[in-house]
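I opened my notebook to look through this structure one feature at a time. Here is what I wrote down as I went.

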Amino acid sequence: MSKVKYYYDSETLSYKKIERKKGHRFGIVLLSIFGSFLAGFLLLVVYLNIPQIETPKEKALKRELQNMQLQYGLLNKKMNQVQNVLGNIEDRDNNIYRLYFEANPIPDETRKAGFGGINRYKDLEGFDNSKLIIETTKRMDVLTKQLVVQSKSLDEIAELAKEKEDLLAAIPAIQPVKNEDLTRIASGYGWRTDPFTKVRKFHFGMDFTAPRGTPVYASGDGQVIRADNRSTGYGNHIRIDHGYGYTSLYAHLYKYNVRRGQKVKRGDIIGFVGSTGRSEAPHLHYEIFKDDEHINPINFYYGNLSPEEFDEVLKKAQQENQSLD
């Protein structure tokens, strides 16, 4: 119940009731509302300018967030270093390794391709540091893909290197009779006079004269596919399949030191010089085939002859004389 207020009227010598005017009451209400808004505004300004008091949990989360940002920054620096090293490896892979083994370089768009299709990083959106996390994750994904591509490329290079090594070991690359065991090189590859008919005919191999029983060496790694005397004119002879289209033939042998199906290495003794078959004197008749076609054996002696010795052999092999078979 509101209090009633009075005032003393000196003229009538009595107390009279104070009547409040309606406008006065409205002004008081309006002033109260304005004062409340002003007080609230002042409190808000004070609140925003006073340092916030953090709880221990908030402090710990803040430190964790700062540490995370620091670690992501360090991770990006490390990825820059890894990217530089990987770029160097990719450059050598394309311009040295793959070039040497005659393999096509890997295009940059294959090495550095991104990931299309669906948004792979949707779960990382909506956070304060989403941009940092998404960009770092993208870089890591691309870097991982580049490493996978490079790893597969190196596996391919390793396989090519093994094939190259096998090829180099298989190619008939040495003289089948040692220089110190030779009497002479009787005949080379080309047109020669037949010792029996005295007619000029093409000689498809090289004749190495040496005493009967002189060792004959495999000129490359391979497998013996024949060791018999069932081929006209060759007498006791050996054929070795070296793979990669190469075959070598050793004819007029005195005896064998290998059997059919046996695997041999370059430099193994496979037989001994003789004069069996269509032969005029003890010697080794030596032939090389590439894809079943005769080729000149003179081009395959780089494995055990010095440049001077090779020049000497080349001069003698080019002389058009009489062959021994």
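**Entry 1: the core.** I am working with a predicted model, and I began with its largest nonpolar core, which has 24 residues. I listed the residues with the most contacts inside this core: Phe208, Ile238, Ile240, Tyr250, Ile270 and Leu284. Next I asked which elements give two or more residues to the core. I found β6 (206-209), β9 (237-243), β10 (246-251), β13 (269-273) and β14 (283-290). The largest share comes from β14, with three residues.

**Entry 2: an aromatic pair.** How many aromatic pairs does a search of the whole structure find? I got one. The partners are Tyr250 and Tyr286, and their arrangement is tilted. I noted 5.3 Å from centre to centre and 45° between the planes. I called this tilted because planes under 30 degrees apart count as stacked and those over 60 as edge-to-face. Then I looked up where the partners sit: Tyr250 is in strand β10 and Tyr286 in strand β14. They are 36 residues apart, so I wrote that the pair links distant parts of the chain. Are these two tyrosines buried or exposed? Both Tyr250 and Tyr286 turned out to be buried. Tyr250 was already on my list of core residues with the most contacts.

**Entry 3: lysines over rings.** I then looked for charges sitting over aromatic rings. The charged end of Lys255 is placed over the ring of Phe272, 5.5 Å from the ring's centre. Lys290 lies over the face of Tyr246, with 5.1 Å to the ring centre.

**Entry 4: positive phi values.** My next stop was the backbone. Asp291 is not a glycine, yet its phi is positive, near 55°. Asp292 is not a glycine either, and its phi is about 70°, again a positive value. Where is Asp291 placed? I found Asp291 in the loop between β14 and β15 (293-295), and Asp292 is in the loop between β14 and β15 too. I also checked how open they are. Asp291 has a relative accessible area of 51%, so it counts as exposed. For Asp292 the relative accessible area is 69%, so I marked this residue as exposed as well.

**Entry 5: His294.** I moved on to strand β15, where His294 lies. Its relative accessibility is 27%, so I put His294 down as partly exposed. Which residues does His294 touch, leaving out those up to four places away in sequence? I wrote down Tyr189, Phe204, Glu287, Ile288 and Phe289. I also looked up Thr247, which is 47 residues from His294 along the chain. The C-alpha atoms of His294 and Thr247 are separated by 9.5 Å.

**Entry 6: an annotated stretch.** An unreviewed UniProt entry carries the annotation "coiled-coil region" for residues 58-85. I checked that span in the model and found it to be 100% helix and 0% strand. Its end C-alpha atoms lie 41 Å apart.

**Entry 7: the whole chain.** Last, I stepped back. I counted five helices and 15 strands in the protein chain. Of its 325 residues, 31% are buried. I also looked at contacts with a separation of 6 or more: residues 24 or more positions apart account for 64% of them. The accessible surface of the chain comes to about 21,500 Å². Carbon and sulfur atoms hold 56% of that surface.

Definitions and conventions. Residues numbered from 1 in each chain as written. Predicted model: local features only at pLDDT ≥ 70, side-chain atom pairs only at ≥ 80, totals over all residues. Heavy atoms only, no water. Core = buried A, V, L, I, M, F, W, Y, C linked by side-chain atoms within 4.5 Å. Buried < 20%, exposed > 50% of the residue type's maximum accessible area, 1.4 Å probe, protein only. Helix = DSSP H or I, 4+ residues; strand = E, 2+ residues; numbered from the N terminus. Phe/Tyr/Trp six-rings, centres within 6.5 Å; stacked < 30°, edge-to-face > 60°. Lys NZ or Arg CZ within 6 Å of the ring centre and 35° of its normal. UniProt positions renumbered as here; feature names shortened; annotations may be inferred. Contact = heavy atoms within 4.5 Å. Areas by Shrake-Rupley, 256 points an atom, 1.4 Å probe, with all protein chains shown as cover.
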